[in-house]
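Please walk me through this protein model.

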Amino acid sequence: QVQLVESGGGLGQAGGALRLSCVRSGRTFSNYAMGWFRQAPGNEGEVVATIAWRSGSTYYTNAVKGRFTISRDNAKNTVVLQMNSLKPEDTAVYYCAAKAGTYYSGNRLYIAEYEYDYWGQGTQVTVSS
């Protein structure tokens, strides 16, 4: 079993920055693709950014391109979402997700919620204008 614990959420100001971390424990294999998703009140969940487990290739939704950066440290079983130039519309609960990979999926990016196997409890990010 894999457990994911997010941290780093809170209150930010428009134009400011926040850094979210997700620590993975349990079956600590490095071959997990990781992703960050978010859900704002009244909205459906959406993918924010994802990272492949072997190549480190990344995907960003258009709304955060150029502002957010996803990175991973396999030695520390950690994935980080650096959020810069925050906007009020970034306000949401942010979730970390993990997808067990295979040898053949090392370069694959997963952007759909249903593709992920494990989820964190979420961390609230609120951006004031």
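Asparagine 77 sits in the loop between S7 and S8. Strands here are DSSP runs of E with at least two residues, helices are runs of H or I with at least four, and both are numbered from the N terminus. The phi of asparagine 77 is near 55 degrees, a positive value in a residue other than glycine. Most residues other than glycine have a negative phi. Asparagine 77 counts as buried, at 14% relative accessibility. Buried means under 20% relative accessible area, exposed means over 50%, and partly exposed is in between, with a 1.4 Å probe and protein chains only.

Serine 85 also has a positive phi, near 50 degrees. It lies in the loop between S8 and S9. Serine 85 counts as partly exposed, at 39% relative accessibility.

A word on the basis of these values. The model is predicted, local features need pLDDT of at least 70, side-chain atom pairs count only at pLDDT 80 or more, and totals for chains, interfaces and linings use all residues. Residues are numbered from 1 along each chain as its sequence is written, and side-chain values use heavy atoms, with hydrogens and water left out.

Now the whole chain. What elements does the protein chain hold? There are 11 strands and 0 helices. The C-alpha atoms fill a box of roughly 45 × 25 × 25 Å along the principal axes. The radius of gyration is 14 Å, which agrees with the value near 14 Å for a compact globule of 129 residues. That radius is taken over C-alpha atoms, and the globule rule is 2.2 Å times the number of residues to the power 0.38.

Of the 129 residues, 45% count as buried. The chain exposes about 6500 Å², and carbon and sulfur atoms supply 48% of that area. Accessible areas come from the Shrake-Rupley method with a 1.4 Å probe; for residues, only the protein chains shown count as cover.

The largest nonpolar core has 27 residues. Such a core is a set of buried Ala, Val, Leu, Ile, Met, Phe, Trp, Tyr and Cys residues joined through side-chain atoms within 4.5 Å. Met34, Trp36, Leu81, Met83 and Tyr94 have the most contacts inside this core. Strands that each supply at least two of its residues include S1 (2-7), S3 (18-26), S4 (32-39) and S8 (78-83). S9 gives the largest share, 4 residues.

Look at leucine 81. A second, separate core of 6 residues includes Ala33, Phe37, Val47 and Tyr116.The structure holds 1 disulfide, that is, a pair of cysteine sulfur atoms within 2.5 Å. Cysteine 22 is joined to cysteine 96, with an S to S distance of 2.0 Å. Cysteine 22 lies in strand S3 and cysteine 96 in strand S9, so the pair ties together parts that are 74 residues apart in sequence. The torsion about the S-S bond is about -75 degrees, so the disulfide is left-handed. Cysteine 22 is buried, with a relative accessible area of 1%. Cysteine 96 is buried too, at 0%.

How many aromatic pairs does a search of the whole structure find? It finds 5. Rings of Phe, Tyr and Trp (its six-membered ring) pair if their centres lie within 6.5 Å; planes under 30 degrees apart count as stacked, over 60 as edge-to-face and the rest as tilted. The rings of phenylalanine 37 and tyrosine 116 have centres 5.3 Å apart and planes at 80 degrees, so this pair is edge-to-face. Phenylalanine 37 lies in strand S4 and tyrosine 116 in the loop between S9 and strand S10 (118-119), so the pair ties together parts that are 79 residues apart in sequence. Both residues are buried. Phe37, Tyr110, Tyr116 and Trp119 form one aromatic cluster.

Finish at glycine 122, in the loop between S10 and S11. Glycine 122 is buried, with a relative accessible area of 16%. Glycine 122 and tyrosine 95 are 27 residues apart in sequence, yet 4.4 Å apart in space, C-alpha to C-alpha. Not counting residues up to four places away in sequence, glycine 122 touches Glu6, Val93, Tyr94 and Tyr95.

Note on methods:
Contact means heavy atoms within 4.5 Å.
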